[in-house]
Amino acid sequence: MTGQISKYGHLVNMAPLLVQVELTEACNLSCRFCYNSQQPRYSEHVFRILERLAEQEVMQVTLTGGEPLLHPDFFAILKRACELFPNVMILSNGTLMDEEAVARIHEHDILSVSVSVHGDPRSHDALTCVSGSYAKAINAIRLFLKRGTIPIASNFVLTASNLSRLANTIWDLRSVGLQFLTITRFVPVGIGGGAEDLLVSRRQLVDAFRTINSHLASGNRPHVEVAEATPFCALPAGLRSLANTCSYGYDRFYVDVDGNMMVCGLSRIPLGGNVLETNIRNIKAGSSTFQTFVEDRHLPEACVACGEIDQCHGGCRAAAMVRGEWDGGYDCHMPRALVSD
Amino acid sequence: MVPKVKEGVRLRREEFGGLLFTNRTPVLALNNDALAIWDLIDGNRTVLNIVDILARTGREPRALSALVQQFIEAGYQLDLLEIESSDPAAAGKQMNSR
């Protein structure tokens, strides 16, 4: 490894806190905002991938996709994951989580399940391009809540088309009994790469934060958390405490269907190694991308000089990658060269 | 009073100490002092045994005893530890009910 690692140097030797494991790129929905390819690619070596991660003391994995339940071995994968890791989570669209599937999931000690809901029935189904997908997602949430043993959360991808439905969706999910909701911002990558009409402007983002802030002030459930990294400078001071910091590419990573280690599913920035062939530590040590992140060299001067950089970290690097330039307050500059590490 | 690590609790050693993973709490970080106590919890040693062993490092026994007791109480409250005792009522008294 060239250069000197500074602030986050300890992360080279530290096993990841969390790895998202992509079981498939396929999905039975066609979400307009999807960051994935929706191609029928399935992980053929997923058992070995999980074992390799466990051997290196990864303790938390999220089974994701695509739609992870579309993997023909999903329940065997889930069983194996629960044998190997203390914390197993599932990210799903919920449409395949009928009574039988939910019962089978409950055979295992799972940390949490997240079922995405992107608006009211009309706006959700319009975004997923599949009629009835909202009803199935809500049904899955109700089935988990009825059993009450596996924490169930939901994720709402914020787009220009469902922004106006955010407050009502929070209310609807409250009436269902949901306790936790995360909000992520649409980033035009993957299938969503061409969906310019879904891009959320800075003003719209601030409006969404105000809606979330009002809800949190009410003390009502669900608890809402902005999961996506947001540059603090894009927000008024009073809303910055709601913004999150992204630690993907530092202590959290993504492994695709082939075992390639990446920064995150959104950016799909490769770290230049495959967990089936190389130890994670060696992948990180040999990755100029990882080194750039831990040395904060991806940040523009304005970010480096900012007093809030340790909390903000420049926003979403996937969004910055797409934009390709720093525009003075909306995600840090990501050098294009990093994408082809 | 014998503390024992509950099933499903996993420790990962780190340069700064360790991280505890369970399905019941967020990830918990242990510094090296806490890790030294954790390492002695084996389901056989009593709290007094643990204090005695740690006291060999030269630390003041009374302060050490308070520290160990506090740590084990916290572990019990967080559902990371169970407490075995020949006198369950005594164990219950010492560990405030959750």
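**Notes on the predicted model**

1. Chain B, read along the sequence, follows the pattern β-β-β-β-α-α-α-β-α, with four helices and five strands in it; helices (H or I, at least four residues) and strands (E, at least two) are DSSP runs, numbered from the N terminus. This is a predicted model, in which local features need pLDDT of at least 70 and side-chain atom pairs count only at pLDDT 80 or more, while totals for chains, interfaces and linings use all residues. Residues are numbered from 1 along each chain as its sequence is written, and chains are lettered from A and ligands numbered from 1 in the order in which they are written.

2. Of the 98 residues of chain B, 20% count as buried (20 or more other C-beta atoms within 10 Å of the residue's own, with C-beta atoms placed from the backbone). Among contacts in chain B between residues at least 6 apart in sequence, 45% join residues at least 24 apart, a contact being two residues whose C-beta atoms, placed from the backbone, lie within 7 Å.

3. Between the chains, nine residues of chain B are in contact with 12 residues of chain A. On the chain B side, strand β2 (residues 10–14) gives the largest share, three residues.

4. In helix α1 (residues 46–55) of chain A, the buried residues are V46(A), I49(A), L50(A), R52(A) and L53(A). Seen down the axis of α1(A), they fall within an arc of 160 degrees, so they line one face of the helix; the arc is that of the directions from the helix axis to the C-beta atoms. These buried residues pack against β1 (18–22), β2 (60–64), α2 (74–84) and β8 (252–255) of chain A. Just after α1(A), E57(A) has a positive phi of about 65 degrees.

5. In α4(A), S123(A), H124(A), L127(A) and T128(A) are buried, and they fall within an arc of 125 degrees seen down the axis, so they line one face of the helix. The buried residues of α4(A) pack against α5 of chain A. C129(A), which follows α4(A), has a positive phi, near 65 degrees.

6. Helix α4 (residues 121–128) and helix α5 (residues 133–147) of chain A pack at about 110 degrees, with axes 8 Å apart; axes are lines fitted to C-alpha atoms, for helices over the stretch in contact, and angles run from 0 to 180 degrees between N-to-C directions. The two helices are therefore roughly perpendicular (65 to 115 degrees). P121(A), H124(A), D125(A) and T128(A) in α4(A) meet S133(A), Y134(A) and A135(A) in α5(A).

Note on methods
Angles under 35 degrees count as roughly parallel, over 145 as roughly antiparallel, 65 to 115 as roughly perpendicular and the rest as oblique. A residue is buried if 20 or more other C-beta atoms lie within 10 Å of its own, exposed if 12 or fewer, and partly exposed in between; C-beta atoms are placed from the backbone.
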